[in-house]
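Take a look at the chain below.

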Amino acid sequence: MPETWFYPTVLLCIYGFFSSLRPSEPFLTAFLMGPDKNLTEREVVNEIYPVWTYSYLILLFPVFLATDYLRYKPVLILQAASYIITYAMLLKAQGVLAIQVLEFFYGLATATEIAYYSYIYSVVEPSSYQKVTGFCRSATLLGSAVGSLIGQILFSEVHVSLLTLSIITLSSSCLAFLAPWFLPMPSKSLFFHQRERERQDNTAQELADKSEDHQSKVPLGVNEDSVERRGGTGGLVGVLKTLGADFVKCYSCRTLLAWSVWWALTTCGYFQVVNYAQALWENILSSKDFVIYNGYVETISTLLGAFAAFSVGLVKVSWAVWGELALCVFSIVIALSVYVMDTVRNIWVCYTSYVIFRTAYMLLITIATYQIAANLSMKRYALVFGVNTFVALLLQTLLTVIVVDPVGLGLDLFPQFLIYGSYFAAIAVIFLIAGLYKVTTRSSAAAPEVQSESAESETDPSGAETPSPKDNSII
């Protein structure tokens with residue numbers, strides 16, 4: 001009998017691969033500023049790209065609730081449809097307003113990614129979570145890398161037009177659209193539909209009562225979440241109250257708060273750099289006059305980032321002690337990479353700095369993900385990652401309004417990247433101070449403990465040591 005995780009995981013991996021297979025993605029800025037769309041750099045950078053940030057922020061929380069209420073599958077279908085609309089418009093749309101509408105649908109597709117990464121947890125057993133998560137994330141990374149590589153080879157070696165690459169991307173999105181329809185519909189969700197879950201638990205209990213000897217039967221454990229939500233708390237108001245209580249409990253943990261702060265701050269800057277990197281490259285080396293190699297850069301950075309993320313599990317480091325200082329060191333690396341991209345206006349140096357930038361970020365975001373998830377139940381896992389992403393988008397929106405949008409400073413690309421480099425440097429300073437404070441307080445706290453232990457050993461003739469209790473509770 002096949003395992004229950006196999007069928008939905010295969011379909012989800014197929015969807016993730018083809019929805020991420022976008023040969024046109026590394027050349028989007030060149031396409032918009034080329035003869036097909038004939039937009040100026042200022043229109044693309046200052047008027048069009050910010051729309052994605054704004055729409056992503058506005059849609060994230062409603063989509064989060066809708067994803068749980070609709071039980072994931074309909075939102076996955078909506079995401080697939082949004083990709084089709086986005087790339088169909090990319091082929092036909094002309095003018096700033098039309099491309100801004102395109103960016104809105106791309107923001108919708110990005111906001112609904114939460115359905116992709118949370119669907120699988122509703123249809124497989126907890127024992128398979130790690131396995132299926134690895135498969136799904138690998139599928140999207142592989143699709144992104146393969147798409148970038150295909151796009152570069154077709155563009156630079158076969159001399160296929162950027163319009164044709166957009167057609168291939170649309171075709172891949174259409175293939176991806178088929179997969180979600182065949183996924184099984186989940187019978188449960190994290191926050192809504194608690195009454196249905198309780199009825200299913202009661203039915204299972206009744207069947208167990210009938211099929212087993214009453215005296216030999218072991219009582220089933222009571223679901224803690226169901227107890228908390230009895231009495232009709234599965235509605236919107238009850239869900240919001242539960243989210244509020246969970247929010248307070250999660251972020252009261254100092255370690256989780258520190259990693260979440262880094263997550264939000266750095267992801268904000270990462271989004272900005274990735275969004276505008278192509279425009280910076282176009283400014284340094286125009287695709288109208290030279291052959292560009294954006295596809296190779298995206299492929300290499302994706303694969304190295306995936307390798308760095310994989311290597312995290314092989315390195316044994318006491319992140320509880322050295323986490324803040326590690327975040328400081330790698331934030332310095334990220335800041336220097338962005339600063340070099342801005343000041344050394346050589347395309348190959350810029351490409352190399354971008355690869356280092358993405359690799360360092362993917363390494364650290366994997367560590368942060370693990371550190372946060374290690375102390376969370378699956379329900380709160382979704383909440384914390386949703387809140388962290390929302391805060392990152394809120395900060396990104398503020399940064400976009402102030403730095404990029406014509407309403408604010410409306411800066412050109414090179415001053416923008418100087419600000420982004422300074423932003424990452426400020427993050428490094430914050431975590432340097434936090435790391436030094438943590439190491440100092442640990443050292444000062446360890447000294448009295450050593451003196452106390454030595455005093456006890458002098459008075460205890462047996463010399464036996466009593467292990468200190470550790471709190472291994474899951475938030």
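Helices α3 and α5 cross in a right-handed way. This is a predicted model. Two packed helices are described by the angle between their axes and the distance between the axes. Here the angle is about 35°. The axes of α3 (residues 41-69) and α5 (residues 96-111) lie 7 Å apart.

Which residues of α3 make the contact? They are E43, E47, I48, Y49, V51, W52, S55, Y56, L59, L60 and V63. On the α5 side, the contact is made by V96, I99, Q100, E103, F104, Y106, G107, L108, T110 and A111. Sorted by class, 14 residues of the α3 and α5 contact are nonpolar. Four are polar, and three are charged.

## T86 in helix α4

T86 sits in helix α4, which covers residues 73-92. Is T86 buried or exposed? T86 counts as buried, because its relative accessibility is 3% and the cut-off for buried is under 20%.

What does T86 touch, once neighbours within four places in sequence are set aside? The contacts of T86 are L102, F105 and Y106.

## I365 in helix α15

I365 belongs to helix α15, residues 347-373. Its relative accessibility is 13%, so I365 counts as buried too. The cut-off is again under 20%.

Which residues does I365 touch, leaving out those up to four places away in sequence? I365 touches W262, W263 and T267. Now compare sequence with space. I365 and T266 are 99 residues apart along the chain. Their C-alpha atoms are separated by 8.9 Å.

## Empty space inside

Rolling a probe the size of a water molecule over the atoms shows where empty space is left. How many cavities of 30 Å³ or more does a search of the whole structure find? The search finds two. The second largest cavity holds about 40 Å³ of space.

What lines the second largest cavity? Its lining consists of Y116, Y117, I120, Y121, V132, T133, C136 and R137. Two elements, α6 (113-119) and α7 (129-157), each give two or more residues to this lining. Helix α7 supplies the largest share, four residues. By class, six residues in the lining of the second largest cavity are nonpolar, one is polar and one is charged.

Conventions:
Residues are numbered from 1 along each chain as its sequence is written. This is a predicted model: local features need pLDDT of at least 70, side-chain atom pairs count only at pLDDT 80 or more; totals for chains, interfaces and linings use all residues. Side-chain values use heavy atoms; hydrogens and water are left out. On a 1 Å grid over the protein atoms alone, a cavity is a set of points where a 1.4 Å probe fits but cannot get out, and a pocket is an open set with protein on both sides within 12 Å along at least five of seven lines; lining residues have an atom within 4 Å of a point. Grid points are joined across faces, edges and corners, and a volume is the space filled by probe spheres set on the points. Ala, Val, Leu, Ile, Met, Phe, Trp, Tyr, Cys and Pro count as nonpolar, Asp, Glu, Lys and Arg as charged, and the others, Gly among them, as polar. Axes are lines fitted to C-alpha atoms, for helices over the stretch in contact, and angles run from 0 to 180 degrees between N-to-C directions. A crossing is left-handed if the near helix is turned anticlockwise from the far one by less than a right angle, and right-handed if clockwise. Contact means heavy atoms within 4.5 Å. Buried means under 20% relative accessible area, exposed over 50%, partly exposed in between (1.4 Å probe, protein chains only).
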